[in-house]
Amino acid sequence: MHRIASPLFFLSLACAAEEHLQAAINCYSFAVKVYIEVNQPVMAASLCLELGNALKEMNKPSEAAVYFQRAAELQVQVPIECLLSLGCVATCKILTRDFDAALSIFTEMQFLIQERALQVPGTSTPVGSFLDVLARCEISRVLLLMLLQPPPQKLLPEHAQTLEKYDWESDSHCQVNFLQENVFLLLQSVVVSLCVCVSVYMSMSVCLPLLSPEQNQLLHLLVLERVCPSGQGF
């Protein structure tokens, strides 16, 4: 079966007319269906990712998230690829300020890593790309939890356990040995300084190189919320 042209070719037409965009999406949806029918889930997932990336580039993260999620479902037998697709979904949720959904996705990703990741023999430490994804999930979850600040009665056990690891009095760095020590200390400062003063957050700008652009944006929003609450219920 021949591959159809890149969605970037079709979706570029959407600049002229919205119906072209829908036509391109319909074309790809049909191709995905055909690949699934002929038992080619990897190819189907590839098309979903291409379409998701194209929509994201067009500043349509809500629409892109649907196709990234579909790609993850098709990649369930390939854990690392599934995780990367879920990571794209989480990014789209952050772009749309749906931080609750982003937190849920990162938590789901961590559970998937625990269940499916390749591990160092005799340990529970994941290896290779799984370790990188786990670090991303941990950092992002801590920042999102600090941004959302769920009340104690709504704090899920897995989220409470995450925050407990960063208590000053807890000797728990060993539990997050997949993070560099300076990154662990940064997250510990974020968690603990919430009850101290805003000036601590402002001084964290020196640590920005430790984080990805997406994580820096979350930290920036967190600082803004402490300085001037938005009232948006983060």
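Q: Why are H5 and H6 called roughly antiparallel to each other?
A: The axes of H5 and H6 cross at roughly 165 degrees and come within 8 Å. Axes here are lines fitted to C-alpha atoms, for helices over the stretch in contact, with angles running from 0 to 180 degrees between N-to-C directions. Angles over 145 count as roughly antiparallel (under 35 is roughly parallel, 65 to 115 roughly perpendicular, the rest oblique). The H5/H6 pair is therefore roughly antiparallel. Keep in mind that this is a predicted model: local features need pLDDT of at least 70, side-chain atom pairs count only at pLDDT 80 or more, and totals for chains, interfaces and linings use all residues. Residues are numbered from 1 along each chain as its sequence is written, and side-chain values use heavy atoms, leaving out hydrogens and water.

Q: What is the handedness of the H5 and H6 crossing, and which residues meet there?
A: H5 and H6 cross left-handed, the label for a near helix turned anticlockwise from the far one by less than a right angle (clockwise is right-handed). On the H5 side, Cys82, Leu86 and Val89 are among the residues that meet H6, whose partners include Phe99, Ile105 and Met109. A contact means heavy atoms within 4.5 Å.

Q: How do H6 and H7 cross?
A: Their axes come within 9 Å and cross at roughly 145 degrees. H6 passes H7 in a left-handed crossing, too. Phe99, Leu103 and Thr107 are among the H6 residues involved, and they face an H7 set including Cys137, Arg141 and Leu145.

Q: What makes His159 count as buried?
A: Buried means under 20% relative accessible area, with exposed over 50% and partly exposed in between (1.4 Å probe, protein chains only). His159 comes in at 7%, so it counts as buried. The residue sits in helix H8, residues 157-164. Leaving aside residues up to four places away in sequence, His159 touches Leu103, Thr107, Arg141 and Leu145.

Q: Why is Ile25 called buried, and what does it touch?
A: Ile25 has 9% relative accessibility, so it gets the buried label. It belongs to helix H2. Not counting residues up to four places away in sequence, Ile25 touches Leu51, Leu55 and Tyr67.

Q: How many disulfides does the structure hold, and are Cys82 and Cys137 buried or exposed?
A: The count is 0 disulfides; a pair of cysteine sulfur atoms would have to lie within 2.5 Å. Cys82 is at 8% relative accessibility, so it is buried. Cys137 is at 0%, so it is buried as well.

Q: What makes up the largest nonpolar core?
A: A nonpolar core is a set of buried Ala, Val, Leu, Ile, Met, Phe, Trp, Tyr and Cys residues joined through side-chain atoms within 4.5 Å. The largest one has 64 residues, and Phe99, Met109, Leu143, Tyr166 and Leu179 have the most contacts inside it. Elements giving two or more residues include H2, H5, H6 and H7. H7 gives the most, with 13 residues.

Q: How many helices and strands does the chain have?
A: It has 11 helices and 0 strands. Both are DSSP runs numbered from the N terminus: helices are H or I with at least four residues, strands E with at least two. Of the 234 residues, 44% count as buried.
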